[in-house]
Amino acid sequence: MDLIAIAVPFFILALVVELIIDWRKGSGLYRSNDAINSLSAGILSTTIGYFTRFLPLIAWGFVLRNFAIIDMQPEWFDLSPSGLLLWVTAALAWDFCYYWFHRFSHEISVLWAAHAVHHQSEDYNLSTALRQTSTGFLFGWIFYTPLFLIGFPLEVLITVNAINLIYQFWVHTQMVRRLGVLDRILVTPSNHRVHHAQNERYIDKNYGGMLILWDRIFGTFEDEAAEEPVVFGVRKPLANLNPFWANLQVYDYLLFDARKASRWRDKVAIWFRRTGWRPADVEERYPRRATDLSRFQKFDPQTASQQRHYVMAQFMIGIAGALMIAELYVQKGMQAVLIPCMLLWLQLFTLGLLNENRSSARRLEWLRLLVAVPALYWLLQSTTDGLPLQAAGWIIVAVYVIASATWLALIPSMDEELLSY
Ligand SMILES: [Zn+2]
Ligand SMILES: [Zn+2]
């Protein structure tokens, strides 16, 4: 049973409810470009996961088969008092490992490169929760390997991981302020807001997944203070709405420093030292400006309103596509979803460019609509068995492409829109 797949409709529902409340109150918690970028990173993470998620499973399976200290049986984890105690132990153990994984993800450069994506949003709402990395599979599994060494069954750990991830969704909101004593025991919206802050006082604090107790034990807890409002985001802003670049930006910084460092020791150390560390010679020749929070402004490129609406509509279609791909993956596996994933990735890429109002954006969007025709044709041929289904599919594809192309052609540029007022 895939708990995360079951949770997705509830995530979407909660997000829509938060969006409507925000819209009615006019509190400005959502900006469409930032939210679309966050959700695009989430879709990218999930779809890239179809091609990478087997890698940690191979490593964990190997450890479990060859080195497990206790031969724990899945049947032990039932609903009896001892079974429930085992479930709680597994969940706590996973949360403990998560704390350390998450802490190292902030404190070690190469791990930060993977995790930074989750923190680049300069808003804080439920869409931020889904803003996940696509490269976490590289090192994340290492931190949970001790649990497999102890001998917890794979299916149990997969379940507690899903529970941990699902729990973390609801804390990404500004609509819940303080929760009293809970803010000191559990990870809550208040103490997780602190974690997403770029204020000096809040940096590298509150790493917990479900329990904030770990931070209190290991000295990384910081309470949200009324006199210090949280400024969300990262110290080196992404300044971009491209979900691919969001995943690569910090690796690119590190690669730049590694290339420019003169000593070989530094070229290696750059990746594994404390986040922010730079060799003295590189720092001297290529200084990076420190962030001045008093002048902080959110990255918010302006686009014609019709173009924004077009992107929103296309993004909704992208979400529907991602849900269909998820179903196809369950039915037919990794190979069947490669072409649709590539089509979806191209879509996320061009929508990001449109939201940034790049000059090449519309040309690339035309190209995407053109490419969609043979790609969707191939998809219809390979996934539908009966002719009536294929015919219906063709009508939908034709209507989609023609309607999108017509709408795109009719969108005025921002200058034209301003002139019309
Ligand atoms: Zn974090
Ligand atoms: Zn978070």
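**Helix packing and domains**

Helix 15 and helix 16 (residues 361-383) pack at an angle of about 165 degrees, with their axes 10 Å apart. This is a predicted model, in which local features need pLDDT of at least 70 and side-chain atom pairs count only at pLDDT 80 or more, while totals for chains, interfaces and linings use all residues. Residues are numbered from 1 along each chain as its sequence is written, and chains are lettered from A and ligands numbered from 1 in the order in which they are written.

Helices are DSSP runs of H or I with at least four residues, numbered from the N terminus. Axes are lines fitted to C-alpha atoms, for helices over the stretch in contact, and angles run from 0 to 180 degrees between N-to-C directions. Helix 15 and helix 16 are therefore roughly antiparallel to each other (angles over 145 degrees count as such). Among the residues that meet are Leu343, Leu346 and Leu353 in helix 15 and Leu364, Val371 and Trp378 in helix 16; residues are in contact if their C-beta atoms, placed from the backbone, lie within 7 Å. This contact has 13 nonpolar, two polar and two charged residues (Ala, Val, Leu, Ile, Met, Phe, Trp, Tyr, Cys and Pro count as nonpolar, Asp, Glu, Lys and Arg as charged, and the others, Gly among them, as polar).

Helix 15 (residues 338-356) also packs with helix 2 (residues 32-52), at an angle of about 160 degrees and with the axes 10 Å apart. That makes helix 2 roughly antiparallel to helix 15. The residues that meet include Ile36, Ser40 and Tyr50 in helix 2 and Leu344, Trp345 and Asn355 in helix 15.

The protein chain is divided into domain 1 (3-218) and domain 2 (310-419), with bounds from an automatic or database domain assignment. The C-alpha centres of domain 1 and domain 2 lie 30 Å apart. Their contact takes 11 residues from domain 1 and 17 residues from domain 2. On the side of domain 1 that touches domain 2, helix 2 gives the most, with 10 residues.

The loop between helix 9 (189-195) and helix 10 (213-218) holds Asp204, whose phi is near 60 degrees, a positive value in a residue other than glycine. Asn206 is found in the loop between helix 9 and helix 10, and its phi is near 55 degrees. Asp204 is partly exposed, with 13 other C-beta atoms within 10 Å, whereas Asn206 counts as buried, with 25 C-beta neighbours inside 10 Å (20 or more is buried, 12 or fewer exposed, and in between partly exposed, with C-beta atoms placed from the backbone).

Methods: Helices (H or I, at least four residues) and strands (E, at least two) are DSSP runs, numbered from the N terminus. Angles under 35 degrees count as roughly parallel, over 145 as roughly antiparallel, 65 to 115 as roughly perpendicular and the rest as oblique. Two residues are in contact if their C-beta atoms, placed from the backbone, lie within 7 Å.
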